[in-house]
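Please brief me on the metal site and the charged pairs in this model.

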Amino acid sequence: MDLRPALLVIDMLKEFVYGRLRSPSAVTIVPSIKVLIEKAHEKNVPVIYLADKHYPFDNELKIWGPHAMINDKESEVIEDLKPSDRDLVLYKRSYSGFRDTGLALILRDLGVDTVILTGIHTHICVLHTAIDAYYERFKLIVAEDAVAAFSKEDHEYALRYMQQVLGAELKTTRQLVELLDKL
Ligand code: ZN
């Protein structure tokens, strides 16, 4: 099949799942992401974690307050989704996983043409990463039951936006497992 995907796992950090900026829905998507990571490993699909790691002077802190700070353990990926040695972890200081992380070039070097988005938050870092993926000419698939936001409204608005404005395909984890199985 002509699909060369990478799985992106966005901000599944202790801070956002259990810490200061936690959202109740973040815990609920862990099992789906886990399934997708396992399937990606099985099918040799690259798994790339994008993780906030902030300096005290970062712009975003004016809006959200300190979170996922550079030396805090809250900036680590949660234990349940701990990256393996074969995965990549890229650190970011803003919403988009493409900004100053080298992600676009890494994806091209890996021969990737499609990114599968998972993680949090649907309307913030997932959305901004999707926008940059669109500008970088990658095809977009959003794992709709493996992304989450603070509220249902934010979540649904962002899903619709990515679908309508960025041409993203929305798929369930089950549909994605079937799709990856065909690779
Ligand atoms: Zn941040």
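**Briefing**

D52 and K92 are both buried (under 20% relative accessible area, with over 50% exposed and partly exposed in between; 1.4 Å probe, protein chains only). The model is predicted: local features need pLDDT of at least 70, side-chain atom pairs count only at pLDDT 80 or more, and totals for chains, interfaces and linings use all residues. Residues are numbered from 1 along each chain as its sequence is written, and side-chain values use heavy atoms, without hydrogens and water.

**Salt bridges**
- D52 and K92 form a salt bridge, 2.8 Å from N to O; the term means a side-chain nitrogen of Lys or Arg within 4 Å of a carboxyl oxygen of Asp or Glu.
- D58 pairs with R93 in a salt bridge at 2.5 Å, N to O.
- D58 is buried at 3% relative accessibility, while R93 is partly exposed at 41%.
- A salt-bridge network links K14, E76, E79 and K82.
- The whole structure holds 15 salt bridges.

**Zinc site**
- D52 (OD), H54 (NE2), E60 (OE) and H67 (NE2) are the protein donors of the zinc ion, 1.9 to 2.1 Å from it.
- Donors are N, O and S atoms within 2.8 Å of the metal (3.2 Å for Na, K and Ca); water is not among the atoms, so sites may look incomplete.
- Along the chain, the zinc donors are spaced D-x1-H-x5-E-x6-H.
- Like D52, E60 is buried.
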